[in-house]
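Please look over the sequence and the structure first, then read the points below.

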Amino acid sequence: MNRLDPRAPLVLDTRELGRRPGSQRQVTRTVPAPPDLGIEVLKVPEGSPVEIDLRLEAVMEGVLVTGTARAVLEGECARCLEPIEEDSEVTFQELFVYDDPAHQGDPDEDDEVSKLEDDLLDLEPLLRDAVVLALPFQPLCEDDCPGLCTECGARLAEDPDHSHEEPVDPRWAGLAALKQDDPSSTSQD
Ligand SMILES: [Zn+2]
Ligand SMILES: [Zn+2]
């Protein structure tokens, strides 16, 4: 079992919170982004600041963590490949159950349950899931980015009136003329 490092920036010590249901604590800290916070084309660069605001609340089964995280995503536009930099704010909530025999649930569910280790909890998986879930399916520099010219690769946003003298390669025009076969006139006995 991996022991959590209490000095790691995304590990929180809940000792001061205590275990009395209803007790609460606010935690605000800025931490360096862990590696791979996001996906290849859009992520929070490792080591860049992530501002975290949390509310820790003791409940019967454990500690309920509710929070927001703010960071700057960097990546590139899926259409025109220009660099993108955008602010991201995500929210998350997770129950970390007390890791003691009195609170053991179904052992089959163990992997899906976040647990406190002693009095420590690890925010990193929570933060990672929240950031990845909030990522756009396709990062774009602008919602209506026109992308690149298929003929010459120019960025169309910078040159919208762009055109080419001969948009169709003559060889393709020839192929188009050949596509005259009727597909229904095959199988005959
Ligand atoms: Zn773009
Ligand atoms: Zn072009």
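Two residues count as being in contact if their C-beta atoms, placed from the backbone, lie within 7 Å. By that rule, the buried residues of α1 pack against β3 (37–39), β4 (42–44), β6 (62–76) and β7 (83–97). The model is a predicted one.

**Overall make-up**

- The protein chain contains two helices and nine strands.
- Read from the N terminus on, the order of elements is β-β-β-β-β-β-β-β-β-α-α.
- The protein chain has 189 residues, and buried residues make up 18% of them.
- Of the contacts in the protein chain with a separation of 6 or more, 57% are between residues 24 or more positions apart.

**Strand pairing**

- β4 and β6 are paired in the antiparallel sense over two bridges. Here Leu 42 stands opposite Gly 75 in β6.
- β5 and β6 run antiparallel and are joined by eight bridges. Within this pair, Asp 53 has Thr 68 in β6 as its bridge partner.
- The link from β5 to β6 is a hairpin with three residues.
- β6 and β7 also run antiparallel, with 15 bridges joining them. Thr 68 has Thr 91 in β7 as its bridge partner.

**Helix α1**

- Helix α1 spans residues 124–134, and its residues Leu 126, Leu 127, Ala 130 and Val 131 are buried. Because these residues cover an arc of only 125 degrees around the axis, they lie on the same side of α1.
- Pro 125 and Leu 133 are exposed, and they sit on the face of α1 turned away from its buried side.

- In soluble globular proteins, nonpolar side chains tend to be buried together.
- The largest nonpolar core in this model holds 26 residues, and Val 44 and Leu 127 have the most contacts inside it. Two or more residues of this core come from each of β4, β5 (49–58), β6, β7 and α1. β6 gives the largest share, five residues.
- Leaving aside residues up to four places away in sequence, Val 44 touches Ala 33, Leu 37, Gly 38, Val 50, Ala 71, Val 72, Leu 73 and Val 131. One of these, Val 131, is among the buried residues of α1.

**Residues with positive phi**

- Most residues other than glycine have a negative phi.
- Leu 81 is not a glycine, yet its phi is positive, at about 70 degrees. Leu 81 lies in the loop between β6 and β7, in a hairpin that has six residues between the strands.
- Asp 118 is located in the loop between β8 (114–115) and β9 (120–122).
- With 14 other C-beta atoms within 10 Å, Asp 118 is partly exposed.

Note on methods. Residues numbered from 1 in each chain as written. Chains lettered and ligands numbered in written order. Predicted model: local features only at pLDDT ≥ 70, side-chain atom pairs only at ≥ 80, totals over all residues. Buried ≥ 20, exposed ≤ 12 C-beta atoms within 10 Å, placed from the backbone. Helix = DSSP H or I, 4+ residues; strand = E, 2+ residues; numbered from the N terminus. Arc of directions from axis to C-beta. Core = buried A, V, L, I, M, F, W, Y, C linked by C-beta atoms within 7 Å. Pairing = 2+ DSSP bridges.
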